[in-house]
Amino acid sequence: MSVRLATSKALSLMVGAVLATAGLGGAQSVTPPPPGTLRPYVFPPVEQFQLPNGLKVILIQKHTLPVVEGRVLLDAGAQREPADKNGLASLTGSLLAQGTGNMTGAEIARAMDHFGAQYFTAGGYGAALVDVVALKTVFPQALALAARTVIAPSFPEAEVSRVKNQALAAYQQSHARTAGLAADAFVRAAFDSTAPFSRPVSGTPSTISGLTRDDVVSWHRTMYSPSAATLLLVGDLTAAEARTIAQQAYGSWTATRAPSGPVDNPIRSSAGTRVILVDRPQSVQSSIVVGQAGFRATDPDYLKMVALNHVLGGGFSARMNMNLREKHGYTYGAFSNLDLRAGSGAFRITSDVRTSATDSALVEAVNEYKRIAGEPVPVSELQGALNNLVSSFPSAVQTVQGLTGRIQQLIVWGLPVDFYTTYRERLAAVTPDDVRQVATSRLTPDNVIVVVAGDLSKIEAPIRARNLGTVEVWDPNGKKIR
């Protein structure tokens, strides 16, 4: 044996011995240390005041950086639009940035760029919004400009046509993918046709095509008013500065609006599990959704559902991903989500899986739903999920954007603005009995909506053979074929 070979062999043996001693030569045999006690965290105080015109203002002071975010939320989201004008709220929100009485959209963009500000407008499901983030030194000017796009947008005819075409293209693009087809079919199946949640936020080709500039102008005139708006100010401002800046930007806004009632999202009733298939020929993967409607953030058991969701599919190490991805290799990711809306939201599992594994993945997803609904969650598993949620919360709100997003949720969901003051403590106190109680009282594992979008020539027969429920085949527009 050569000296070099002998030396190499000796080094290998030494390294192996060191690795074995350190416990790195194979599977870990040492149990990880238990989590430490919850580190103290104080959610910043939430201050509120109102301008003379009725605009509500919420202020969170955060002085770590000289940055401020201002976001105005308007109760003018898609949940308020009539069904035959589906997409109007989204179209209007997108058009706010495209011009005012004395500035074009391009000029607004250049001005915001000059301020170094981040600026966008949108019309979502629960609210329309206009957002600007800028350094404190230029924030008053940036917010004042953003306010002009809320108060007096011009809605140029050419921009209306352009944004409509973008919405049509986005719809076609979404429905060219299995994930878009499955998501659309799920809400159509779970909610009554009169429910706002049953419709796409951006509209359908037929409703988008029928929208006009007059519709947009009328929607803005009818729905955009200070009495139906909330201005969030988060960042390096004092209370006195916030009052002055808010008044300068929005004090001249005098539009009025009739009060709106609560949003109704009626659920479609069913007597058992429905399996809805949507064809996407030659697709190499299938998108699956398993879930049910009927959840709100204002429910007394909301935090229990948050804990349950995190155990089932709220993160990489949750049950769904460990089963479908890590154990079986059916997918790159499988998760669950608590989608909360006014009136009623939804709880669902989603994943994109290999076509050849579609029926097997679907069985595993349904079984995991039944398992979380029917079996107690072990103390250690729940504790791990809760530790992850409560320990990650401070980092989620360390930026002005993170804080603004959290406060927006409270406004849209109808929760008190001090909700997050004791959020971590209340969440950490959830027990396995709490999860068991909410699972048995709220989940209906034998009466769920199952949706699969993919190549039916390859997946329909195997899925039918699994006998998971009553099988229906829908076209991409939600119409039953057979």
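Asp184 touches His175, Pro200 and Pro476, leaving aside residues up to four places away in sequence; a contact here means heavy atoms within 4.5 Å. The model is predicted, so local features need pLDDT of at least 70 and side-chain atom pairs count only at pLDDT 80 or more, while totals for chains, interfaces and linings use all residues. Residues are numbered from 1 along each chain as its sequence is written, and side-chain values use heavy atoms, with hydrogens and water left out.

Asp184 is part of helix 6 (residues 178–190). Helices (H or I, at least four residues) and strands (E, at least two) are DSSP runs, numbered from the N terminus. Asp184 counts as buried because its relative accessibility is 6%; buried means under 20% relative accessible area, exposed over 50%, and partly exposed in between, for a 1.4 Å probe and protein chains only. The side chain of Asp184 makes a polar contact of 3.4 Å with the side chain of His175 and another, of 2.9 Å, with the side chain of Arg188. A polar contact is a pair of N or O atoms within 3.5 Å; within protein, one must be able to donate a hydrogen and the other to accept it, and residues adjacent in sequence count only if both atoms are side-chain atoms.

The chain as a whole contains 17 helices and 12 strands. Its C-alpha trace spans about 85 × 60 × 55 Å along the principal axes. Of its 482 residues, 49% count as buried. Among contacts with a separation of 6 or more, 80% are between residues 24 or more positions apart.

Helix 2 (residues 88–95) is largely enclosed by the rest of the structure, because 7 of its 8 residues are buried. These buried residues are Leu88, Ala89, Ser90, Leu91, Thr92, Gly93 and Leu95. They pack against strand 4 (118–123), helix 5 (157–174) and helix 8 (213–223).

In soluble globular proteins, nonpolar side chains tend to be buried together. A nonpolar core is a set of buried Ala, Val, Leu, Ile, Met, Phe, Trp, Tyr and Cys residues joined through side-chain atoms within 4.5 Å. The largest such core in the chain has 72 residues, and those with the most contacts inside it are Tyr224, Leu233 and Tyr250. Helix 4 (residues 139–151) gives the most to this core, with 8 residues. A second, separate core of 70 residues includes Ile58, Ile60, Phe295 and Tyr423.

Leu233 touches Val57, Ile58, Leu59, Ile60, Glu69, Gly70, Phe139, Leu143, Ala242 and Ala246, again not counting residues up to four places away in sequence. Thr230 lies in strand 6 (residues 229–235). This threonine counts as buried because its relative accessibility is 7%. With the same exclusion of residues up to four places away in sequence, Thr230 touches Leu55, Lys56, Ile58, Arg71, Val72, Leu73 and Ile411.

The largest pocket has a volume of about 400 Å³. Of the 18 residues that line this pocket, Tyr302, Val306, Asn309, Leu389 and Tyr423 are the closest to its centre. On a 1 Å grid over the protein atoms alone, a pocket is an open set of points where a 1.4 Å probe fits, with protein on both sides within 12 Å along at least five of seven lines; lining residues have an atom within 4 Å of a point. Grid points are joined across faces, edges and corners, and a volume is the space filled by probe spheres set on the points. Helix 10 (302–313), strand 9 (331–339), helix 13 (379–396) and helix 14 (400–413) each supply at least two residues of the lining. Helix 13 gives the most, with 5 residues. By class, the lining has 9 nonpolar, 8 polar and 1 charged residues; Ala, Val, Leu, Ile, Met, Phe, Trp, Tyr, Cys and Pro count as nonpolar, Asp, Glu, Lys and Arg as charged, and the others, Gly among them, as polar.

Some loop residues were also examined. Gly315 lies in the loop between helix 10 and helix 11 (319–327), and touches His310, Asn321 and Phe335, not counting residues up to four places away in sequence. Gln282, in the loop between strand 7 (274–279) and strand 8 (285–293), has a positive phi of about 65° although it is not a glycine. Gln282 is exposed, with a relative accessible area of 72%.
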